[in-house]
Amino acid sequence: QVQLVDAGGGLVQPGGSLRLSCAASGSGFSIYTMGWYRQALGKQRELVAGITSGGRINYADSVKGRFTISRDNAKSTVALQMSSLKPEDTAIYYCNAHLRMPTGVVYDYWGQGTQVTVSS
């Protein structure tokens with residue numbers, strides 16, 4: 001059974017840092033794009049950062065220069081290093097991955113979400 005497990009959230013003061021991690025477990029799949037989304041209370045889920053299997057990266061404008069996404073293809077993991085955090089970064093952060101199964105079908109998988117709260 002394939003699943004994504006994300007972790008690393010918590011409470012941090014403005015200007016602080018946190019590192020989120022996500023691992024894809026299971027077997028028999030190939031991973032295409034991996035990324036992080038977030039959903040703040042009362043708002044729609046939005047893309048924070050994404051990285052392709054070839055290493056191409058894109059960031060939301062609101063996090064450019066503060067967040068860094070990375071992945072380890074051998075370990076099927078993706079991480080998000082967040083620095084200079086602001087109260088408006090407060091949200092539930094979700095790991096996302098596009099996984100290709102042996103059948104050739106590509107599925108969209110999500111982690112369970114991890115809460116990030118930026119507050120003094």
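This briefing walks through the core, the strands and the aromatic rings of the structure above. It is a predicted model, in which local features need pLDDT of at least 70 and side-chain atom pairs count only at pLDDT 80 or more, while totals for chains, interfaces and linings use all residues. Residues are numbered from 1 along each chain as its sequence is written, and side-chain values use heavy atoms, with hydrogens and water left out.

**The nonpolar core**

- The largest nonpolar core has 30 residues. Such a core is a set of buried Ala, Val, Leu, Ile, Met, Phe, Trp, Tyr and Cys residues joined through side-chain atoms within 4.5 Å. Buried means under 20% relative accessible area, exposed means over 50%, and partly exposed is in between (1.4 Å probe, protein chains only).
- The residues with the most contacts inside this core are W36, V48, F67, V78, L80, M82 and Y93.
- At least two core residues each come from β3 (18-25), β4 (30-39), β5 (46-51), β7 (67-72), β8 (77-82), β9 (91-100) and β11 (114-118). The largest share, five residues, is supplied by β9.

- On β11, the covered face holds T114, V116 and V118, while Q115 and T117 make up the uncovered one.
- Strands pair if DSSP finds at least two bridges between them. Strand β2 (residues 10-12) and β11 are joined in the parallel sense by three bridges, and G10 has V116 of β11 as its bridge partner.
- β9 and β11 run antiparallel and are also joined by three bridges; here A91 stands opposite V116.

**An open sheet of four strands**

- Four strands, in the order β1-β3-β8-β7, form an open sheet with antiparallel pairing.
- At the edges are β1 (3-7) and β7, each of which pairs on one side only.
- On average, neighbouring strands of this sheet are turned by 15 degrees against each other, direction ignored. The axes behind this angle are lines fitted to C-alpha atoms, and angles run from 0 to 180 degrees between N-to-C directions.
- Between β7 and β8, which run antiparallel, there are six bridges. D72 stands opposite T77 in β8.

**Two serines with positive phi**

- S76 belongs to the loop between β7 and β8. Its phi is near 55 degrees, a positive value in a residue other than glycine. S76 counts as buried, at 16% relative accessibility.
- S84 is placed in the loop between β8 and β9. Phi is positive for S84 too, near 50 degrees. With 40% relative accessibility, S84 counts as partly exposed.

**Aromatic rings and a charged neighbour**

- A search of the whole structure finds two aromatic pairs. Rings of Phe, Tyr and Trp (its six-membered ring) pair if their centres lie within 6.5 Å; planes under 30 degrees apart count as stacked, over 60 as edge-to-face and the rest as tilted.
- The ring centres of Y37 and W110 are 5.0 Å apart and the planes stand at 65 degrees, so this pair is edge-to-face. Because Y37 lies in β4 and W110 in β10 (residues 106-110), the pair ties together parts that are 73 residues apart in sequence.
- Both Y37, at 23% relative accessible area, and W110, at 32% relative accessibility, are partly exposed.
- Y94 and W110 make an edge-to-face pair, with 6.5 Å centre to centre and 85 degrees between the planes. This pair links Y94 in β9 with W110 in β10, 16 residues apart. Y94 counts as buried, at 13% relative accessibility.
- Together, Y37, Y94 and W110 form one aromatic cluster.
- The charged end of R45 sits over the ring of Y94, 3.8 Å from its centre, and over the ring of W110, 4.6 Å from its centre. A charge sits over a ring if NZ of Lys or CZ of Arg is within 6 Å of the ring centre and within 35 degrees of the ring normal.
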